[in-house]
Amino acid sequence: MGQREIAERMLEAWQRLASVEFDLLCCAAEIDDPHEIALLLRIPLGRARRLQEQAAALDRLPVLAGLLRDGLLDLERFEVVRKRTENLDSEKARRVDARLADAAELNSRELKAEADRLICLVDPFGAEIRHVKAVKRSEVRYRSMPDGMAELTAYLDAVRGRQLFDQINADAETLDDDRSWGEKQADVVVDRMLGSGRPVTVCTDVTVSATTLLGLTSEPGYVAGVGPVEANTAREIASQGDWRKVLTDKVGMPIGVGRRRYRPPRALRDFVMVRDRVCQAPGCMRPVGECQIDHARGFASGGVTDERNLGPFCDVHHYLKTIGRYRFSRGADGVRRWVTPLGFEYETRAKAIAEPDPP
Ligand SMILES: [Zn+2]
């Protein structure tokens, strides 16, 4: 059997698995006692309870439940949305669900970002309350590790966390020696906290619709490297100095990037970065700041340097494309086509940033 046939068989098995998981949840919905389930299936009680919670979510998320039943969405992705919508009331959960009809096309990370965006949209006030509560649980933890090492982790506001992470990386990039990348990052943290750090300022993008910026609507914004944030946070960040603000047009695509100076090549680059935000390979969520802007149709083969032919690729996908293992093209309509070595085709397009105006 060739690789292509095996790949098709694998996809089929994956889809059957999702359907079977749907059947399993339907049964779990009918069994009242989680202990029965735990015993029957030889699973821990906690897992049995989760099965019941997932079963209960079939009613709350009917569109996703249908995709699971049809084998188009696996349980892991269903769980991503269930977990994120569990604190919403049923009506709001249904509104999020109703707008996830294309969930089958998204991987779990993309689905997470899209669910977060929709939750901010249908429940901006609730999102804020949940965030304020979560901030109260912020903490920094220390855990000792073998070989004289330790792990220091911080649970904190996502935007602040991203700023911190970008700052650490920007500082580490200024270190020109043979320490490993991770070692440089760790040394930067130590230097910054315990003295002798060299200050480097990083600039990150926040994208927000003009109406939200003015307080007329409450659409979620988008922070590069973080994902969707609720309207108030987006407004707050946009009002600070080190962030670059981006406004969007009626269909939610960027119309321009706010900058103090105007330089065409740089402006074009900025536009592409803001429009795509992540690597343009399907399912890749690597932020554009870690990508290189590349021609879809090579410059040497007649490709032009304009916004339609340019897009970001992370190192991995840039390499796969350059060595010709994966073929990539970009249509005039902005649709990006990625063809794998086994001949599977995937199409993506840049996601709108803001909600389109109602017709
Ligand atoms: Zn990529």
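**Reading a predicted chain, feature by feature**

Me: Is D147 buried or exposed in this structure?

Reply: With 4 C-beta neighbours inside 10 Å, D147 counts as exposed (buried means 20 or more other C-beta atoms within 10 Å of a residue's own, exposed 12 or fewer, partly exposed in between, with C-beta atoms placed from the backbone). The structure is a predicted model, in which local features need pLDDT of at least 70 and side-chain atom pairs count only at pLDDT 80 or more, while totals for chains, interfaces and linings use all residues. Residues are numbered from 1 along each chain as its sequence is written.

Me: Where is D147 found, and what is its phi?

Reply: Most residues other than glycine have a negative phi. D147, however, has a positive phi near 65° without being a glycine, and it is found in the loop between β1 (139-145) and β2 (149-155) (strands are DSSP runs of E, at least two residues, and helices runs of H or I, at least four, numbered from the N terminus). R42, also not a glycine, has a positive phi of about 55°; it lies in the loop between α2 (34-41) and α3, and with 6 C-beta neighbours inside 10 Å it counts as exposed.

Me: At what angle do helices α1 and α3 pack, and which residues meet?

Reply: Two packed helices are described by the angle between their axes and the distance between the axes. Helix α1 (residues 3-30) and helix α3 (residues 45-60) pack at about 100°, with their axes 8 Å apart (axes are lines fitted to C-alpha atoms, for helices over the stretch in contact, and angles run from 0 to 180 degrees between N-to-C directions). That makes α1 roughly perpendicular to α3, a label for angles of 65 to 115 degrees, whereas under 35 is roughly parallel, over 145 roughly antiparallel and the rest oblique. From α1, L25, A28 and A29 meet L51, Q52, Q54, A55, A56 and L58 of α3.

Me: In what order do the strands of the open sheet with β12 stand?

Reply: The open sheet has 3 strands in the order β10-β11-β12, with antiparallel pairing (two strands pair if DSSP finds at least two bridges between them). β10 (327-330) and β12 stand at the edges with a single partner strand each, so one side of each is left without a neighbour in the sheet. The twist averages 15° from one strand to the next. Between β10 and β11 there are 4 bridges, and R330 has R336 in β11 as its bridge partner. Strand β11 (residues 336-339) also pairs over 4 bridges with β12 (residues 345-348), where E347 is the partner of R337. The hairpin of β11 and β12 has 5 residues between the strands, and in it G343 takes a positive phi near 90°.

Me: Which residues does Y346 touch, not counting those up to four places away in sequence?

Reply: Y346, found in strand β12, touches P282 and W338 on that count. With 14 C-beta neighbours inside 10 Å, Y346 counts as partly exposed.

Definitions and conventions: Contact = placed C-beta atoms within 7 Å.
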